[in-house]
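This briefing is intended for reading alongside the sequence and the three-dimensional structure. Please keep both in view while working through the points.

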Number of protein chains: 2
Amino acid sequence: MLTRERIVGAAVALVERDGADALSMRAVAGELGVAVMSLYNHVPNKAALLKGMAERVLADLDLPENRHLDWRVRARELIRAFRRVARENPRCTDLIVTHSVEVPFGLKPVERGLEIAHDAGFDGPTSVRLMRAIISYAQGSLLRETEQMRMLDSLPADAAGAFAELDPERFPRVTLLAKELTEHDPETDFEFGLDLFINAIDALPR
Amino acid sequence: MLTRERIVGAAVALVERDGADALSMRAVAGELGVAVMSLYNHVPNKAALLKGMAERVLADLDLPENRHLDWRVRARELIRAFRRVARENPRCTDLIVTHSVEVPFGLKPVERGLEIAHDAGFDGPTSVRLMRAIISYAQGSLLRETEQMRMLDSLPADAAGAFAELDPERFPRVTLLAKELTEHDPETDFEFGLDLFINAIDALPR
DNA sequence: ACGATCAACGTACGATGTACGTACGGTGTC
DNA sequence: GACACCGTACGTACATCGTACGTTGATCGT
């Protein structure tokens with residue numbers, strides 16, 4: 001029996017295996033050993049399928065309930081969980097980030113975020129803003145990670161060299177930091193920005 | 001005479017006028033009163049055209065040189081300039097954000113960002129990290145803005161009502177903050193997060 | 001004047017999303 | 001048991017897409 005769940009699952013698996021360009025209704029149907037048009041009994045169109053895929057991946061978010069802990073570690077864990085599911089499906093990441101679906105990704109994480117902000121002592125409107133800001137950072141980070149990956153392995157090999165050989169008159173700091181700019185440690189970068197954010201929130205008046 | 005510039009320009013104009021879905025090589029050619037295949041004398045393929053469009057839009061970044069000012073206002077201005085070009089081409093925003101091209105968007109803004117971080121007293125590696133973090137936030141914000149816009153005018157009208165009527169047992173804070181969650185003031189939200197970030201950086205040890 | 005170069009073009013092909021009509025198996029009603 | 005109904009799977013068909021390939025015509029250096 002064909003179901004929306006199976007279709008979405010096959011689509012995610014297919015993208016993880018063959019990349020996003022390989023995603024087509026025909027390919028998904030093939031994956032399930034089914035005719036193309038059968039899919040349309042369960043999914044209205046391709047856009048809906050994409051949305052379903054984003055939801056599916058984000059549904060794996062695990063949100064441990066640990067309300068007794070410090071809000072800072074809870075906030076960190078929430079954002080990390082978001083990043084984790086994205087990294088577990090690396091080739092779907094763009095999908096997730098650009099389709100983070102209504103109210104960014106289901107209500108549970110939103111509720112959780114607001115709860116944490118509340119426990120941290122912030123009022124409602126501020127909580128909403130804080131959540132939006134942090135989500136922006138998380139989404140942006142994921143986006144940047146994948147872009148940087150694409151860039152780094154599209155550049156010939158000696159990217160740092162190319163940067164270093166730029167005109168030092170026009171780009172003094174870029175040439176100086178050529179090495180740092182072409183190195184990429186997504187984990188550390190992500191945590192660096194996350195810390196920055198959490199500390200900033202911590203310093204906010206209530 | 002057909003040129004890459006004219007093609008890219010027509011493509012951007014077309015997307016701004018008719019939306020991203022209307023972008024096709026045929027449509028661009030039509031816009032220029034030219035046969036489809038003529039485009040390929042100047043642009044190797046559609047992906048390259050997209051990249052060109054992102055570059056084009058970002059080329060409008062104005063980066064006033066005001067090195068005597070406080071680094072905080074310079075940093076803010078740089079990020080705002082980024083957001084401004086994106087907002088000037090709202091329907092291209094997704095393009096820009098997801099194609100922010102090698103070394104995120106040309107070298108000048110990168111150089112400028114590193115320069116500001118340097119003037120703020122940070123060492124090289126930290127400067128790179130700071131820049132990455134702030135770019136992540138900016139990109140994420142833009143992404144979230146457009147998503148939220150799409151969401152808000154896809155929801156029936158009374159979105160706040162729908163939120164408020166959720167089960168208050170499971171989603172106490174969401175129901176409580178229904179109104180705030182469905183209101184959207186991108187400008188204020190953006191500035192809120194930007195301030196947060198700048199202040200966090202300011203508080204960092206050197 | 002003439003050959004070379006190159007921008008513009010037309011044709012053509014394979015792939016894609018999906019509208020539409022059909023076949024068929026299971027379920028409820030008499 | 002007969003029959004009407006409905007939902008699921010399917011096949012065909014079409015418009016549209018990106019682009020490979022071969023041709024034409026104008027321009028320019030000699």
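The points below are grouped by topic.

This is a predicted model, in which local features need pLDDT of at least 70, side-chain atom pairs count only at pLDDT 80 or more, and totals for chains, interfaces and linings use all residues. Residues are numbered from 1 along each chain as its sequence is written, while chains are lettered from A and ligands numbered from 1 in the order in which they are written.

**Architecture of chain A**

- Chain A contains eleven helices and zero strands, where helices (H or I, at least four residues) and strands (E, at least two) are DSSP runs numbered from the N terminus.
- Along the principal axes, the C-alpha atoms of chain A fill a box of roughly 60 × 50 × 25 Å.
- Of the 206 residues in chain A, 38% are buried; a residue is buried if 20 or more other C-beta atoms lie within 10 Å of its own, exposed if 12 or fewer, and partly exposed in between, with C-beta atoms placed from the backbone.
- Among contacts in chain A between residues at least 6 apart in sequence, 64% join residues at least 24 apart; two residues are in contact if their C-beta atoms, placed from the backbone, lie within 7 Å.

- Helix H1 (residues 4-18) of chain A has 15 residues and should span 21 Å at 1.5 Å a residue, which agrees with the 21 Å between its end C-alpha atoms; the expected span is 1.5 Å times one less than the number of residues.
- The buried residues of H1(A) are Ile7(A), Val8(A), Ala10(A), Ala11(A), Val12(A), Leu14(A) and Val15(A), and they pack against helix H2 (25-32) and helix H3 (46-59) of chain A.
- Not counting residues up to four places away in sequence, Ala11(B) touches Leu23(B), Val28(B), Leu49(B) and Met53(B).

**An exposed loop residue**

- Asp62(A) lies in the loop between H3 and helix H4 (71-88) of chain A, and Asp62(A) counts as exposed because it has 8 C-beta neighbours inside 10 Å.
- The C-alpha atoms of Asp62(A) and Pro109(A) are separated by 9.3 Å, although the two are 47 residues apart along the chain.

**Contact between chains A and B**

- The contact takes 46 residues from chain A and 46 residues from chain B.
- On the side of chain A that touches chain B, H7(A) gives the largest share, 18 residues.
- By class, that side of chain A has 24 nonpolar, eleven polar and eleven charged residues; Ala, Val, Leu, Ile, Met, Phe, Trp, Tyr, Cys and Pro count as nonpolar, Asp, Glu, Lys and Arg as charged, and the others, Gly among them, as polar.
- A rotation of 180° with 0.0 Å of shift along its axis superposes chain A on chain B (RMSD 0.1 Å), by least squares on the C-alpha atoms of residues with pLDDT of at least 70 in both.
- That is the relation of a two-fold axis.
- The same surface serves both copies, as 100% of the contact residues of chain A recur in chain B.

**Surfaces near the DNA strands**

- Around DNA strand D there are 15 residues, of which Leu2(A), Met37(A), Ser24(B), Asn45(B) and Lys46(B) come nearest; a residue is near a strand if its C-beta atom, placed from the backbone, lies within 6 Å of it.
- Around DNA strand C there are 14 residues, of which Ser24(A), Asn45(A), Leu2(B), Val34(B) and Met37(B) come nearest.
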